[in-house]
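Please read the points with the sequence and the 3D view side by side.

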Amino acid sequence: MVQLAIKETDQPVARVVNATGDHPVVLICEHASSHIPAAFGGLGLSGEALSSHIAWDPGALETAERLSALLKAPLVHGQVSRLIYDCNRPPEAPGAMPEKSEIYDIPGNRGLDGAERARRVETYYRPFEKLVEETLKGRSGTPVLVTIHSFTPVFDGKKRSVEIGILHDADTRLADALLSVPINYKVQRNQPYGPADGVTHTLQRHALPGGLLNVMIEIRNDLIATPEDCAAVAQTLSSWLERALAELGVSQVGGAVR
């Protein structure tokens, strides 16, 4: 286990598990935690809000951890709520430190000045960014970047029928390969979000510049509500990714694209 500590919170901001895993896939889970450092006083939110999906991606971390174990792949994950800083957003994005999320106003994020925004970037985003960079650079071959997220079954009062979303930015290779492999879930491309929603920052920042294969996987969170659910979905994702990568000529160890 490798982790980067920060001075003003009660736990590290970012962590990597299975760092010695030899699979070409590097897993990222930006919204793994609902943890709000004590200094923020809960951002003025109720306990209900802080335990809801606005603060984190329920089920995403446990699913990612199980997938990491199945693939023997490293996993980098955040340990601070996205309400403090959303590590899947660039510093200039309003959503990096949102003043409102769905129906909830975020009092502790209202009217942040430039100094406070810069402090949060340096304290929460940069360490996460650095750990992702170091993990990718530490691969023995060319890595493949896969991010794991979850989404709520109902958003703004509307039910979502999609069960797993395969999201991509300009590079569609891995998304196309996954979508060509049928699985027993309702799968859609760039749903329930897509690049226009500003959700592909990690792919843009860490995969596109170096031409790395990449994809963002969104799982409806009612499908990963229990440990057993997480294990079942992780098993599906493991075989799905292996088949898609084989189609692209990526070897299981070393990440070479033939």
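1. Asn190 lies in the loop between strand 11 and helix 5. The model is a predicted one. In it, Asn190 has a positive phi of about 45° although it is not a glycine. Its relative accessible area is 17%, so Asn190 counts as buried, the limit being under 20%.

2. The loop between strand 11 (187–189) and helix 5 (201–206) also holds Pro192. The peptide bond that leads from Gln191 to Pro192 is cis, its omega being near 0°. Pro192 is also one of the residues that Phe151 touches.

3. A positive phi in a residue other than glycine is found at Asn18 too, with a value near 55°. Asn18 sits in the loop between strand 2 (14–17) and strand 3. With a relative accessible area of 29%, Asn18 is partly exposed.

4. Phe151 belongs to strand 7. Is Phe151 buried or exposed? Its relative accessible area is 2%, so Phe151 is buried. Leaving out residues up to four places away in sequence, Phe151 touches Arg160, Val162, Glu163, Pro192, Tyr193, Glu218, Ile219, Arg220 and Asn221. Between Phe151 and Gly165 there are 9.3 Å from C-alpha to C-alpha, and the two are 14 residues apart in sequence.

5. The largest pocket holds about 560 Å³ of space. It is lined by 27 residues, and those closest to its centre are Arg82, Asp86, Arg89, Ser101 and Tyr193. Strand 5, strand 7 and strand 12 are the elements that give two or more residues to this lining. Strand 7 supplies the largest share, 3 residues. Tyr193, listed here, is also among the residues that Phe151 touches.

6. How many cavities of 30 Å³ or more does the structure hold? It holds 1. The volume of the largest cavity is about 70 Å³. Its lining consists of 13 residues, and Glu30, Gly78, Val80, Tyr85 and Cys87 lie nearest its centre.

7. The structure holds 2 aromatic pairs. In one of them, Tyr85 and Tyr125 form a tilted pair, 5.2 Å centre to centre and with 35° between the planes. This pair links distant parts of the chain, 40 residues apart: Tyr85 is in the loop between strand 4 and strand 5 (100–101), and Tyr125 is in helix 3 (residues 114–137). Tyr85 counts as buried because its relative accessibility is 2%. Tyr125 counts as buried as well, at 3% relative accessibility.

8. Asn109 is placed in the loop between strand 6 (104–105) and helix 3. At 1% relative accessibility, Asn109 counts as buried. Apart from neighbours within four places in sequence, Asn109 is in contact with Leu43, Leu83, Met97, Pro98, Glu99 and Arg120.

9. Gly44 is found in the loop between strand 3 and helix 1 (47–51). Its relative accessible area is 57%, so Gly44 is exposed. Gly44 and Gly108 are 64 residues apart in sequence, yet 5.8 Å apart in space, C-alpha to C-alpha.

10. Does the length of helix 2 (residues 60–71) agree or disagree with its residue count? At 1.5 Å a residue, its 12 residues should span 16 Å, and the end C-alpha atoms are 16 Å apart, which agrees. The buried residues of helix 2 are Ala60, Leu61, Thr63, Ala64, Leu67, Ser68 and Leu71. They cover an arc of only 160° around the axis, so they lie on the same side of helix 2. Their packing partners are strand 3 (25–29), strand 4 (75–78), strand 7 (144–151), strand 12 (214–220) and helix 6 (227–247). Lys72, which follows helix 2, has a positive phi, near 60°.

11. Helix 6 has 21 residues, which should span 30 Å at 1.5 Å a residue; its end C-alpha atoms are 30 Å apart, in agreement. Its buried residues are Cys230, Val233, Ala234, Leu237, Ser238, Trp240, Leu241, Ala244 and Leu245. Just after helix 6, Gly249 takes a positive phi of about 75°.

Key. Residues are numbered from 1 along each chain as its sequence is written. This is a predicted model: local features need pLDDT of at least 70, side-chain atom pairs count only at pLDDT 80 or more; totals for chains, interfaces and linings use all residues. Side-chain values use heavy atoms; hydrogens and water are left out. Helices (H or I, at least four residues) and strands (E, at least two) are DSSP runs, numbered from the N terminus. The expected span of a helix is 1.5 Å times one less than its number of residues. Buried means under 20% relative accessible area, exposed over 50%, partly exposed in between (1.4 Å probe, protein chains only). The arc is that of the directions from the helix axis to the C-beta atoms. Contact means heavy atoms within 4.5 Å. Rings of Phe, Tyr and Trp (its six-membered ring) pair if their centres lie within 6.5 Å; planes under 30 degrees apart count as stacked, over 60 as edge-to-face and the rest as tilted. On a 1 Å grid over the protein atoms alone, a cavity is a set of points where a 1.4 Å probe fits but cannot get out, and a pocket is an open set with protein on both sides within 12 Å along at least five of seven lines; lining residues have an atom within 4 Å of a point. Grid points are joined across faces, edges and corners, and a volume is the space filled by probe spheres set on the points.
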